[in-house]
Amino acid sequence: MILVTGATGALGTLIAERLAGRDDTVLGTRAPQQPQRLPVRHIDFDEPGTLSKGFEGVDVLLLISAGYGEDDTVIARHGAAVDAAERAGVGHVVYTSLTADGDHLPYALPHRWTERRLQETDMNWTILRNGLYAELLGGLAAPTADGRITAPLGEGRLAAVARADLADAAVRVTTEAPAHARRIYELVGEQAVGGADLARTHGPHVTYEPETLAQARARVAASGAEPFQIPMLVGTCSAIAAGFMSRTGGDLRQLLGRAPRSALAAAFA
Ligand SMILES: NC(=O)c1ccc[n+]([C@@H]2O[C@H](COP(=O)([O-])OP(=O)(O)OC[C@H]3O[C@@H](n4cnc5c(N)ncnc54)[C@H](OP(=O)(O)O)[C@@H]3O)[C@@H](O)[C@H]2O)c1
């Protein structure tokens, strides 16, 4: 049996759509009362009591990272999930991690902690080092009503990847898990996209106006963001602007068996 956690999140929803109709798959979510097209189990990493029952009979666990929070919160969540998977006799954990080039990002540490924790288990594992979503970039660089994209991306570019492609890759690996045991896949896009590229997709009336990191930090702080979200957003832009996130290539095309979707199209879909 396959179990997918985080099933009502954006990535989990895309994965659940692709797995609908299978008779060997259940969805794990903190909101089990919401109707789904597959059987649902209550899974909340913050409530380890849900995990022993939730992981019963599971052979392959697709562990979607629950990455919103301070590092200690996220580590506790993922640690609880891996501990429970071991106790329940899960055979294989597929984990949605972060691209290798993301080591400069403020949220990299819990991903690397989880990768190391999985590599120490007797379970089989596969690590999907997901690149940053094109949709995330589109959100960071959304145009204002008067046609300006203001973001602290400088001239930097991101090897952005459509979330739907990451869902396709995760489904392939999860449903063929033994063939992917003890593999780490680098899943970044094939097109590096920057602020000016994003502006061009809207037409000549939209311009890209880079701002400083300090301006962005003040703007995000004033928006009512949680304290941990401010370095997440500013640090993401800083890494892109400094050129650390532009490397394309990797294993995405091979896992998809086709060309990846256009990152520019996905950014504002
Ligand atoms: N590569 C990127 O660009 C990028 C960007 C943002 C985030 N991420 C990471 O990738 C993950 C999936 O992305 P997404 O777009 O699907 O994010 P999302 O829409 O925010 O969904 C995250 C899901 O994680 C699950 N979750 C949160 N806290 C949990 C907990 N305590 N126990 C169990 N599950 C919990 C929830 O699923 P339920 O509500 O169904 O329980 C939540 O909906 C994120 O959680 C984050 O770690 C990656």
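Student: Why is Thr99 called buried?

Tutor: Buried means under 20% relative accessible area, exposed over 50%, and partly exposed in between, with a 1.4 Å probe and protein chains only. Thr99 has 2% relative accessibility, so Thr99 counts as buried. The model is a predicted one, in which local features need pLDDT of at least 70, side-chain atom pairs count only at pLDDT 80 or more, and totals for chains, interfaces and linings use all residues. Residues are numbered from 1 along each chain as its sequence is written, and side-chain values use heavy atoms, with hydrogens and water left out.

Student: Where is Thr99 found, and which residues does Thr99 touch?

Tutor: Thr99 lies in the loop between β5 (92-98) and α4 (108-119). Helices (H or I, at least four residues) and strands (E, at least two) are DSSP runs, numbered from the N terminus. Contact means heavy atoms within 4.5 Å. Leaving aside residues up to four places away in sequence, Thr99 touches Arg112, Arg129, Asn130, Gly131, Glu186, Val188 and Met245.

Student: What makes Val173 buried or exposed?

Tutor: The relative accessibility of Val173 is 0%, so Val173 counts as buried. Val173 has its place in helix α6 (residues 163-175). Beyond residues up to four places away in sequence, Val173 touches Val94, Thr126, Leu128, His180, Tyr185 and Leu255. Val173 and Ala160 are 13 residues apart in sequence and 20 Å apart in space, C-alpha to C-alpha.

Student: Why is Arg182 called partly exposed?

Tutor: Arg182 has a relative accessible area of 42%, so the term partly exposed applies. Arg182 is in the loop between α6 and β9 (183-187). Arg182 also has a positive phi, of about 60 degrees, although Arg182 is not a glycine.

Student: How do you know what span is expected of helix α9?

Tutor: The expected span of a helix is 1.5 Å times one less than its number of residues. Helix α9 (residues 229-241) has 13 residues, and its reach of 18 Å from first C-alpha to last is close to the 18 Å expected. Just after α9, Gly243 takes a positive phi of about 85 degrees.

Student: Which residues of α9 are buried, and what covers them?

Tutor: They are Ile230, Met232, Val234, Gly235, Thr236, Cys237, Ala239 and Ile240. Their cover includes α5 (134-140), β8 (157-158) and α8 (213-222).

Student: What do the buried residues of helix α1 pack against?

Tutor: In helix α1 (residues 10-19), the buried residues are Leu11, Gly12, Leu14, Ile15, Ala16 and Leu19. They pack against β1 (2-4), β2 (25-29), β4 (60-63), β5, β6 (124-130) and α6. Just after α1, Gly21 takes a positive phi of about 100 degrees.

Student: How many helices and strands are there in the protein, and why is the protein called as compact as a globular protein of its length?

Tutor: The protein has 11 helices and 11 strands. Its radius of gyration is 19 Å, close to the 18 Å that the globule rule gives for 269 residues, so the protein is as compact as a globular protein of that length. The radius of gyration is taken over C-alpha atoms, and the globule rule is 2.2 Å times the number of residues to the power 0.38.

Student: What share of the protein's residues is buried?

Tutor: Buried residues make up 50% of the 269 residues.
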